[in-house]
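Please look through this structure with me, one part at a time. Keep the sequence and the 3D view side by side as you read.

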Amino acid sequence: MVYSYTLKTEKENFYNITSYVRQAVNESMVESGIAVVYCPHTTAGITINENADPDVVTDLIYALDATFPDRYQFKHAEGNSAAHLKSSVIGNSATVIIEDGRLLLGTWQGIYFTEFDGPRTRNFFVKIIKG
Ligand code: ZN
């Protein structure tokens, strides 16, 4: 079963979607397996990182901007090549082990939807696989 979610985003931000994934795991009643979290967009992504100090996300956004600035050499007519680059580097999915009906995330880990070219209405999917 696939769980589908919609998110309204700002220009650039990380959204903690851990509670959505936990909800999907609970609804699935799967005790042991994996959860795949997938983003079907080319200028957004999915990552796992610090969930306690919000400055970490701020620093990640800053560092990604510094590493992948807009460049006049970019040819892509839509003008958002930097967002495409960030999406590729971050990746479009995360896989988390489910054991005893719970996500095996570390204490300080959260699952994030990463927006690099908002504001937009975005989707992400959670697939729970028993095993
Ligand atoms: Zn584009």
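## The zinc site

Asn80 is buried, because its relative accessible area is 5% and the cut-off for buried is under 20%. The model here is a predicted one. Asn80 is one of the residues that hold the zinc ion. Which atoms coordinate the zinc ion? They are NE2 of His76, OE of Glu78, OD1 of Asn80 and NE2 of His84. Their distances run from 1.9 to 2.2 Å.

Along the sequence, the donor residues follow the spacing H-x1-E-x1-N-x3-H. Why is the arrangement around the zinc ion irregular? The four donor atoms subtend angles of 89 to 145 degrees.

## Salt bridges

The whole structure contains five salt bridges. One of them joins the side chains of Glu12 and Lys86, with N and O 2.8 Å apart. This pair links distant parts of the chain. Glu12 sits in the loop between strand E1 (2–8) and strand E2 (13–16). Lys86 belongs to helix H3 (residues 81–90). Lys86 is buried, because its relative accessible area is 4%.

Glu78 lies in the loop between helix H2 (54–67) and H3, and Arg120 in the loop between strand E7 (109–115) and strand E8 (121–130), so the pair ties together parts that are 42 residues apart in sequence. Arg120 counts as partly exposed, because its relative accessibility is 32%.

Glu115 and Arg122 form another salt bridge, and their closest N and O atoms are 2.7 Å apart.

## Helix H3

Several residues of H3 are buried: Ser81, Ala82, Ala83, Lys86 and Ser87. What covers them? The cover includes strand E4 (44–50) and H2. Just after H3 comes Gly91, with a positive phi of about 95 degrees.

## The sheet

Five strands form an open sheet in the order E1-E8-E3-E5-E6. The pairing is antiparallel. Which strands stand at the edges? They are E1 and strand E6 (102–103). Each has a single partner strand, so one side of each is left without a neighbour in the sheet.

E1 pairs with E8 over seven bridges, in the antiparallel sense. Tyr3 has Val126 in E8 as its bridge partner. Helix H1 packs on this sheet and touches E1, strand E3 (32–38), strand E5 (93–99), E6 and E8. The directions of H1 and E8 make an angle of about 40 degrees. Val2 stands opposite Lys127 in E8.

E8 also pairs with E3, again in the antiparallel sense, over six bridges. Here Ala35 has Ile128 in E8 as its bridge partner.

Start with Tyr20, in helix H1 (residues 18–28). Tyr20 is partly exposed, because its relative accessibility is 29%. Which residues does Tyr20 contact, leaving aside neighbours within four places in sequence? They are Tyr5 and Phe124. Ser4 is 16 residues from Tyr20 along the chain, and their C-alpha atoms are separated by 9.6 Å.

Now find Ser32, in strand E3. Ser32 counts as partly exposed, because its relative accessibility is 25%. Ser32 and Ile97 are 65 residues apart in sequence, yet their C-alpha atoms are 7.8 Å apart in space. Leaving aside neighbours within four places in sequence, Ser32 is in contact with Ile98, Glu99, Ile129, Lys130 and Gly131.

Key
Residues numbered from 1 in each chain as written. Predicted model: local features only at pLDDT ≥ 70, side-chain atom pairs only at ≥ 80, totals over all residues. Heavy atoms only, no water. Helix = DSSP H or I, 4+ residues; strand = E, 2+ residues; numbered from the N terminus. Buried < 20%, exposed > 50% of the residue type's maximum accessible area, 1.4 Å probe, protein only. Contact = heavy atoms within 4.5 Å. Salt bridge = Lys/Arg side-chain N within 4 Å of Asp/Glu carboxyl O. Donors = N, O, S within 2.8 Å, 3.2 Å for Na, K, Ca; no water. Tetrahedral: all angles 85-135°; square planar, octahedral: opposite > 155°, others 65-115°. Pairing = 2+ DSSP bridges. Axes fitted to C-alpha atoms, helices over the stretch in contact; angles between N-to-C directions.
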